[in-house]
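Me: I'd like to learn how to read this structure feature by feature. Could you walk me through it?

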Amino acid sequence: MSRFEVTPVETFDVTLEVPGDKSMSHRAAMIAGLATGTSTITGFLPSEDCVNTLQAMKACGVRCEVLEELPGFGPVAMRIEGRSMHLTAPSGSIDCGNSGTGMRLLAGLFAGQDFITELFGDESLSSRPMGRIIQPLAAMGCRIEALGEKEGSAPLRISPAEIQPIRYELPMASAQVKSAVLLAGMTAAGTTEVIQPAVTRDHTERMLEAFGVKVVTEGLHVSLAGGQVPQARDFHVPGDISSAAFWIVAAAARPGARLVVKRVGLNPTRTAILDAIERMGATVIRRPVEDVQGEPFGDLEIHGAPLKGTDLLPEEIPNLIDEIPVLAVAAALAEGTTRIRNARELRVKETDRVATTVENLRAMGGQVEEFEDGMEITGGAPLRGAEMKSYGDHRIAMAFAVAGLFADGPSTILGTECVRTSYPGFDHHLAAVCRGAVAESDYQLPTRAPNA
Ligand SMILES: O=C(O)C1=C[C@@H](OP(=O)(O)O)[C@@H](O)[C@H](O)C1
Ligand SMILES: C=C(OP(=O)(O)O)C(=O)O
């Protein structure tokens, strides 16, 4: 089992670039694979989750020529020859690994194809709720069965059927469910409409638009007419703000520290972490670069300060959902109380992230009260160095590696292989932050082999 050994760090001045955005990389592989023509995708996240999605598309006849690879991980640049919406039957079941995004979006994408597909995942994914996509997809005419032991769980089998458009009110604020319905709606005869209870990440809508598909967004309503075929284009995936979040918190909570993150995605449905950390007292300087492909991106500069607690707003929750474990670490380091409520969705991620975050915070001596829909953290007391588990959850592993930077002694995080699902090179960046600086050559980590 691999582990992170973390020692406390005084201060640091670091400039780095994080690997490509996970949400966008999944969608780039899918939409380029459905398009007419050949797309060149760069900045692709070569993590297990996204490589599994790319493999799924390849298994269904999509040709992919790798142009650049991160050795030991996967492709970061590739040419994808799309199949004009007509995929071919895979020769076996499709492995989605640990990825909820991969499985749920692929289920929508396969709904209108004329062959049988089976999607399976690891133990964690097999226990996550799939009823949330089965229900709307079945209402669209999709023949989808949950074959798992637990009701409504993976593996999923999708058989050929004619897909009808739907007007669907999402019961939860989930971009994955919204995207599954929209992708299925691409093959429907008529207009599919999804109504969200709150704004969720809009990468599917933006990427479809970038590939020439008309998507109409009016407030919380999103709709698209079926029968449109995406047109190939080149697409560069910016850095993942959810990966940058670990260093953003590390810098924000350390007075005197400075962090620059280059070329990171700044889509407003993903930047609530910046608003929260600013309210807590850190300085956040946004340097947006022109948005050329429908996704805003730019550089960020963070200056640390003594933090104070904050209340996360209900509408912020979907826009920082994956950052909550590391934000909870920031809360434990801040004076006063931080309230994280309306976050029930955390309980159905790779782990029950309310429980695993609370468990590890308590192991470090943090003061935290658990609620069904979140937690309240009273911070300010020093954290203790501790041995903690990742519980097989990449965000938990990385969040508590960051906590270890602030402890009164060394910490160990056990079971860190899971970090490969979203952040190749995290260990390399962690070592650089522990050294207090990153060399110029480290900027290129996402597209090159770690050289340390
Ligand atoms: O659409 C996406 O790419 C994602 C949506 C979120 O999940 P939900 O849609 O289930 O909230 C998020 O937690 C996940 O990491 C990625
Ligand atoms: C929840 C996550 O991903 P997914 O749902 O795709 O497994 C995540 O990356 O934190």
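Reply: Let's begin with residue classes: Ala, Val, Leu, Ile, Met, Phe, Trp, Tyr, Cys and Pro count as nonpolar, Asp, Glu, Lys and Arg as charged, and the others, Gly among them, as polar. With that, the shell around ligand 2 splits into no nonpolar, 4 polar and 5 charged residues. Keep in mind that this is a predicted model, where local features need pLDDT of at least 70, side-chain atom pairs count only at pLDDT 80 or more, and totals for chains, interfaces and linings use all residues. Residues are numbered from 1 along each chain as its sequence is written, while chains are lettered from A and ligands numbered from 1 in the order in which they are written.

Me: Which residues surround ligand 2?

Reply: A residue is near a molecule or strand if its C-beta atom, placed from the backbone, lies within 6 Å of it. Here, ligand 2 is surrounded by Lys 22, Ser 99, Gly 100, Thr 101, Asp 322, Lys 349, Glu 350, Arg 395 and Ser 422. Domain bounds come from an automatic or database domain assignment, which for this protein chain gives domain 1 (3–20 + 238–447) and domain 2 (22–222). Both domains give residues to the shell around ligand 2, so ligand 2 lies between them.

Me: How do the two domains meet?

Reply: Two residues are in contact if their C-beta atoms, placed from the backbone, lie within 7 Å. The centres of domain 1 and domain 2, taken over C-alpha atoms, are separated by 27 Å. Their contact takes 26 residues from domain 1 and 30 residues from domain 2. On the domain 1 side that touches domain 2, the classes are 7 nonpolar, 12 polar and 7 charged.

Me: What surrounds ligand 1, and which helix gives the most to its shell?

Reply: Helices (H or I, at least four residues) and strands (E, at least two) are DSSP runs, numbered from the N terminus. The residues around ligand 1 are Ser 23, Gly 100, Thr 101, Ser 174, Ala 175, Gln 176, Ser 179, Arg 201, Ile 321, Asp 322 and Glu 345. Helix α6 gives the most, with 3 residues, and α3 (100–110) and α6 (175–185) each supply at least two. By class this shell has 2 nonpolar, 6 polar and 3 charged residues. At least three residues come from each of domain 1 and domain 2.

Me: Why is α6 described as largely enclosed?

Reply: A residue is buried if 20 or more other C-beta atoms lie within 10 Å of its own, exposed if 12 or fewer, and partly exposed in between, with C-beta atoms placed from the backbone. In α6, 11 of the 11 residues are buried, so the helix is largely enclosed by the rest of the structure. The cover includes α3, α5 (131–139), β10 (167–169), β11 (191–195), α7 (203–210) and β13 (221–225).

Me: What does a strand with two faces look like?

Reply: In a regular strand the side chains alternate between the two faces of the sheet. Strand β9 (residues 156–159) has Leu 156 and Ile 158 on its covered face, with Arg 157 and Ser 159 on the uncovered one. For partners, two strands pair if DSSP finds at least two bridges between them. β7 (residues 117–120) runs antiparallel to β9 and is joined to it by 3 bridges, with Glu 118 opposite Arg 157. β8 (residues 143–146) also pairs with β9 in the antiparallel sense, over 4 bridges, and there Ala 146 stands opposite Leu 156.

Me: In what order do the strands of the open sheet run?

Reply: This antiparallel sheet of 3 strands has the order β18-β20-β19. β18 (336–340) and β19 (367–371) stand at the edges with a single partner strand each, so one side of each is left without a neighbour in the sheet.
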